[in-house]
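Hello,

Below is the structure I said I would pass on. Please open it first and keep it beside this message while you read the notes that follow.

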Amino acid sequence: MLRFFDLERIDAKKRDVVERTKDFDEIYEVFKPVKSAEQSDRCIQCGDPFCLNKCPLHNYVPQWLKAVAEKDLEFAFKLSNEPSPFPEVMGRVCPHDRLCEGDCTLNDGHGAITIGSIETHITEEGFKAGLTPHFPGITSDKRVAVIGSGPAGLSVATNLLRSGIAVTMYEMADRAGGLLTYGIPNFKLDKKIVERRVSLLEDAGMKLVLNCEVGKDLTFEEIANEHDAMFIGVGATKAKHAGLAG
């Protein structure tokens, strides 16, 4: 650690512009293990880490940076997935420049640690190595209905499944993900990334019901009668119009 004197901040590399004109794939490449370890090694391991405190999820950023620097991918994967329901998504779309990286101590003259890119690297390399987030299986007799499969619904489902509680998720669209699927373009967040995370939740015991609009195809009363609790996370899907003539 503390190698910020001899290693400068490096951002994730963009794919070649000519190549990018041929598709709608993600713009930024995922860090290679060597590059991720070098960038993690710049961390000064603050006693009171601003990055952790500024993160809304209070991710264990210094701890998993140290694990990556020491090439302990399994530990980094566990640490990264513990507070976050989908770190590979947040590594791509979270405004790191205003949150964790924005409060990094090294911002004052040395360049913040490339936290977002390293966060993406950890989970992507972890999946390649066969690592998966831990779920205990359904161990409770309680059942919860989650209406809406966007970021809020997926987060709730993740934490319920971690506690062994059965989840049934209802989604009016033909694919899960909500904003992650229908609001963020592929060049920023590939849909396969979202689908993979949803599949993990299904493997953990979540039942996903697509093309089902609650209140129309199924009443709230029916859902309430079949479950012990209900979470409504339908999002704000109605468009806003400027109201300008022409």
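**Nonpolar cores**

Leaving aside residues up to four places away in sequence, Ile 122 touches Trp 64, Val 68, Leu 73, Ala 76, Phe 77 and Ser 80. Before going on, please note that this is a predicted model.

Apart from it lies another core, one of 22 residues, which includes Val 89, Leu 154, Leu 180 and Ala 204. The largest nonpolar core has 24 residues, and those that touch the most other members are Trp 64, Leu 65, Ile 113, Ile 115, Ile 118 and Ile 122. At least two residues of this core come from each of helix H4 (61-69), helix H5 (73-81) and helix H7 (115-128). H4 gives the largest share, five residues.

The buried residues of H5 are Ala 76, Phe 77, Leu 79, Ser 80 and Asn 81. They pack against H4, helix H6 (87-93), H7, H8 and H10.

Helix H7 also holds Ser 117. Is Ser 117 buried or exposed? Ser 117 has a relative accessible area of 16%, and the cut-off for buried is under 20%, so Ser 117 counts as buried. Not counting residues up to four places away in sequence, Ser 117 touches Ala 12 and Phe 31.

**The sheet**

In what order do the four strands of the open sheet stand? The order is E3-E2-E1-E4, and the pairing is parallel. Strand E3 (207-209) and E4 are at the edges and have a single partner strand each, so one side of each has no neighbour in the sheet. On average, neighbouring strands of this sheet are turned by 20° against each other, direction ignored.

As background, strands of a sheet pair through backbone hydrogen bonds, and the pairing is either parallel or antiparallel.

E1 is mostly covered, with four of its five residues buried. E1 and E2 run parallel and are joined by five bridges. In this pair, Arg 143 stands opposite Ala 166 in E2. Between these two strands the chain passes through H8, going from E1 to E2, and this β-α-β crossover is right-handed.

E1 is also joined to E4, by four bridges, and these two strands run parallel. Ala 145 has Met 230 in E4 as its bridge partner, while Val 146 stands opposite Phe 231 in E4.

**Helix H8**

How many residues does helix H8 have? H8 covers residues 151-162, which makes 12 residues. From its first C-alpha to its last, H8 reaches 17 Å, close to the 16 Å expected at 1.5 Å a residue. H8 lies across E1, E2 and E4, and runs at about 165° to E2.

Which residues of H8 are buried? They are Gly 153, Leu 154, Ala 157, Thr 158, Leu 160 and Leu 161. Leu 154 has already come up, among the residues of the 22-residue core. Just after H8, Gly 164 takes a positive phi of about 80°.

Gln 45 is not a glycine, yet has a positive phi of about 55°. Gln 45 sits in the loop between helix H2 (33-40) and helix H3 (50-54). With a relative accessible area of 28%, Gln 45 is partly exposed.

Asn 211 is not a glycine either, and has a positive phi of about 55°. Where is Asn 211 found? Asn 211 lies in the loop between E3 and helix H11 (220-226). The relative accessible area of Asn 211 is 53%, and exposed means over 50%, so Asn 211 counts as exposed.

Regards

Methods: Residues are numbered from 1 along each chain as its sequence is written. This is a predicted model: local features need pLDDT of at least 70, side-chain atom pairs count only at pLDDT 80 or more; totals for chains, interfaces and linings use all residues. Side-chain values use heavy atoms; hydrogens and water are left out. The expected span of a helix is 1.5 Å times one less than its number of residues. Buried means under 20% relative accessible area, exposed over 50%, partly exposed in between (1.4 Å probe, protein chains only). Two strands pair if DSSP finds at least two bridges between them. Axes are lines fitted to C-alpha atoms, for helices over the stretch in contact, and angles run from 0 to 180 degrees between N-to-C directions. Contact means heavy atoms within 4.5 Å. A crossover is right-handed if, with the strands pointing away from the viewer, the path from the first strand over the helix to the second runs clockwise. A nonpolar core is a set of buried Ala, Val, Leu, Ile, Met, Phe, Trp, Tyr and Cys residues joined through side-chain atoms within 4.5 Å.
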